[in-house]
Amino acid sequence: MARNPRYDILFEPVRIGPVTARNRFYAVPHAAGMTNAMPHMRAKFRETKAEGGWGVVCSGYVSIDPSSDDAPLPFATLWDEDDIRSHALMTEAVHRQGALAGIELWHGGGSVMNRTSRMPPMSPSGTSWMATHVNFMGNQRPRAMDARDIRQLLASQKEAARRARRAGFDILYVYAGMGYLPYEFLLSEWNQRTDEYGGSVANRVRIVRQLLEVTHEAAGGTCAVALRISLEELRARPSVAAASEAHEVVQLLAEVPDLWDVKMDSSPTDCSPSRFSAEGTHEPVIEFVKKITSKPVVGVGRFTSPDTMVGQIRRGVLDLIGGARPSIADPFLPRKIDEGREQDIRECIGCNICISSWHDGVPVRCTQNPTIGEEWRRGWHPERIARAGSDASVLIVGAGPAGLECALSLGRRGYQVNVAEAADEIGGRLRFETRLPGLAAWGRVLEWRRGQIQKLDNVSIYRGNRLSAAEILELGNTHVVIATGSRWARLLYSPLEIPVGMLDGPGVYTPDDIAAGTTIEGPVVVYDYDNYYMGGVLAEHLAKSTAPVTYVTPAGHASAWTIMSNEQPQVHRMLAANDIALHTLTRVTAFTPGEVTLSNQFTNAERRLPCRSLVIVGARFAADGLYSELGRREADLKSAGIRSVTRIGDALAPGAIVHAVYSGRRYAEEMDADAESIAYRRDAPLNRRPAASEPAETADLA
Ligand code: ADP
Ligand code: SF4
């Protein structure tokens, strides 16, 4: 199909200093959990974005020297000659697909702990970031930088930029954002220096200017120099010389970089979940930059709609449409717009599972795109899949995220697929969950798969069909996939943090009951030891209809795991805004309709609250009865011609939607595949040259 002329503007080339991007689609730097230890995975992952049409594809954060070491978070390095080869794999791959390659050169300053390099961290004035996020918290405080440290920082940036150029990068970054070192100079809390680098905004900006200058020197007029800067805090601060400190900073540096990459200051606001914020929330903070500089400006906003993108350009907010999450959920987003296939875009749902992968220290995962990170090690591709290896037919029981992804991927391979769904509508857990507060955008998981499956003649879906084992045997497909989901349990929670003690009386409910439409009477206690979104979301849902609601958790925070997905700060605000009382470090130990007994997790001190309904959001178990029954009927399976029965998704192991989608894809990819292609390839760092000399032997201390 031809491109809609309305979107032509998105495909105009953009000049960035000495280089030119082929279009306005800019895959911004984002953490992807692939360090120099996984150079082939990293290169293929970024190549896929370039293949999908992004005009620029950037690296994640790359440390310029060992004084910036973010372990255990997964960061890349460009510390020496050997690291050049590792990154060159990516630049070659990206260039092969016609895109420019950018590198986010990075120094963490006082926000890193240097746990591996064991060098004392440094910050402008010895001020530290007292983070309470468990993966960032530490007990090493930075030292204040002296004049020598500043000279060393500039030298390190210059050397790293030279290496980046030799590695083949086209755009070299100075990164003054998100609490990292150059940003620390900009912000008065971090920077209390009395020399020419502290005090006035002009002084605080000096180091950023110098970093840009040395990067330009290293670029030698062949690479562009980009400034990535966080403007949220600065924008909130008054300035005598301009509309805000952010305006003053941009005025002072206006024409120094070849490209402005503008963003927010902290991960929860920069990469905010759709549960609490819409697309394009950066605009009120960054919209002024283009009015000051003549250089191109790139910014993000979870943009997936081409009309919104065009609006950003026409209204003079951005020149280049930045994408991190949209480029993960759909690496082929630009191509689809180019080919007039906007309806095929697999839109990001804003769940932030991708960001949680970085917090977990592992390669990026995505709820919508199960192939991300698997391009090299499993050979999966977001738009292509191997042709069927046989004429087998597959019966999938259950049309939740696992069943639907499995049906789509098997259908695309060319298998005959029949899907039976007990309910009148497909979607599984999404049928209920997308009606809960803030989760409507998650419906894209269902809608995208529904739309794609409709294009396939060989996939049939039978709604309102609850199959029994006998019916499955009668239908006689070659393979049977059980994707029947999971059930929440009415279990309490032991001091050892293990679900125990069934509480199955009147007034005790689980999310399954609320999904089934059961009326809940207040006062309600939502007891959450699942720790992801369901407890918090249900508390909000019930507070709107059945107040008062109390939220109880044995964890230290509400929805404790959501610190990983950037939701937690907002969860606490939501509880307060809805007058939901919060009891942390607390277990429910007894319940009778009318009263619940709570115990402190550590002291066992008890208190009682009035409570008519207790909603337990805790353990979930696979709904795998069908699977077990079929497993007991081996002879019947044989005579029905059924060669395999397999569980996928929650029916195998209850998890988040991301796990279910992945599980469905994996089944489809592995159908009729040989053992070798099923085993994933293990990546390894490129061989390093041996050290010039081993350390001299020393005498024993004893
Ligand atoms: P997952 O996340 O693993 O996809 P879900 O719980 O979202 O799991 O979806 C499971 C789906 O399976 C639900 O829509 C449910 O109605 C359906 N289902 C469960 N048992 C049967 C059955 N015996 N026959 C057909 N569909 C079933
Ligand atoms: Fe978007 Fe969620 Fe995928 Fe991240 S994991 S790219 S937020 S759909």
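Trainee: Which helices each supply at least two residues of the shell around ligand 2?
Mentor: Bearing in mind that this is a predicted model, the helices that each supply at least two residues of that shell are H13 (325–329) and H15 (353–360). Of the helices and other elements, H13 gives the most to the shell around ligand 2, with three residues.

Trainee: And how many residues surround ligand 2, and which are the closest?
Mentor: Ligand 2 is surrounded by 13 residues, and the closest are Cys 348, Cys 351, Asn 352, Cys 354 and Cys 366. By residue class, the shell around ligand 2 divides into eight nonpolar, three polar and two charged residues.

Trainee: OK, over to ligand 1. Which residues come nearest there?
Mentor: There are 22 residues around ligand 1, and those that come nearest are Ala 402, Glu 421, Ala 422, Arg 429 and Asp 650. The side chain of Glu 421 has an N or O atom 2.5 Å from an oxygen atom of ligand 1, while Ala 422 places a backbone N or O atom 3.0 Å from a nitrogen atom of the ligand. Asp 650 also takes part through its backbone, with an N or O atom 2.8 Å from an oxygen atom of ligand 1.

Trainee: Where does Glu 421 lie? And is Glu 421 buried or exposed?
Mentor: Glu 421 lies in the loop between strand E15 (416–420) and helix H17 (429–433). Its relative accessibility is 7%, and because the cut-off for buried is under 20%, Glu 421 counts as buried.

Trainee: What else does the side chain of Glu 421 reach?
Mentor: The side chain of Glu 421 reaches the backbone nitrogen of Ala 423 at 2.8 Å. Leaving aside residues up to four places away in sequence, Glu 421 also touches several others, including Gly 398, Ile 426, Arg 431, Tyr 462 and Asn 465.

Trainee: Back to Asp 650: which side chain meets that of Asp 650 in a salt bridge?
Mentor: That is Arg 620, with an N to O distance of 3.5 Å. The pair links distant parts of the chain, since Arg 620 is in strand E29 (residues 620–622) and Asp 650 is in the loop between strand E30 (644–647) and helix H25 (657–670), 30 residues apart. Both Arg 620 and Asp 650 are buried.

Trainee: How many salt bridges does the structure hold?
Mentor: The structure holds 55 salt bridges. One of them joins the side chains of Asp 307 and Arg 6 at 3.1 Å, N to O, and this pair links helix H12 (residues 306–314), where Asp 307 sits, to the segment before strand E1 (14–16), where Arg 6 sits, 301 residues apart. Asp 307 counts as partly exposed at 39% relative accessibility, and Arg 6 counts as partly exposed at 46%.

Trainee: What about Arg 315 and Glu 283?
Mentor: Their side chains meet in a salt bridge at 2.7 Å, N to O. Arg 315 lies in the loop between H12 and strand E13 (320–323) and Glu 283 lies in helix H10 (residues 283–286), so the pair ties together parts that are 32 residues apart in sequence.

Trainee: Last topic: in the largest nonpolar core, which residues touch the most other members?
Mentor: Those are Leu 10 and Leu 231, in a core of 80 residues. Setting aside residues up to four places away in sequence, the contacts of Leu 10 include Phe 25, Met 309, Val 310, Ile 313 and Ile 337. A second, separate core has 62 residues, among them Leu 439, Ile 514, Ile 580 and Ala 668.

Definitions and conventions: Residues are numbered from 1 along each chain as its sequence is written. Chains are lettered from A and ligands numbered from 1 in the order in which they are written. This is a predicted model: local features need pLDDT of at least 70, side-chain atom pairs count only at pLDDT 80 or more; totals for chains, interfaces and linings use all residues. Side-chain values use heavy atoms; hydrogens and water are left out. A residue is near a molecule or strand if one of its heavy atoms lies within 4 Å of it. Helices (H or I, at least four residues) and strands (E, at least two) are DSSP runs, numbered from the N terminus. Ala, Val, Leu, Ile, Met, Phe, Trp, Tyr, Cys and Pro count as nonpolar, Asp, Glu, Lys and Arg as charged, and the others, Gly among them, as polar. A salt bridge is a side-chain nitrogen of Lys or Arg within 4 Å of a carboxyl oxygen of Asp or Glu. Buried means under 20% relative accessible area, exposed over 50%, partly exposed in between (1.4 Å probe, protein chains only). A nonpolar core is a set of buried Ala, Val, Leu, Ile, Met, Phe, Trp, Tyr and Cys residues joined through side-chain atoms within 4.5 Å. Contact means heavy atoms within 4.5 Å. A polar contact is a pair of N or O atoms within 3.5 Å; within protein, one must be able to donate a hydrogen and the other to accept it, and residues adjacent in sequence count only if both atoms are side-chain atoms.
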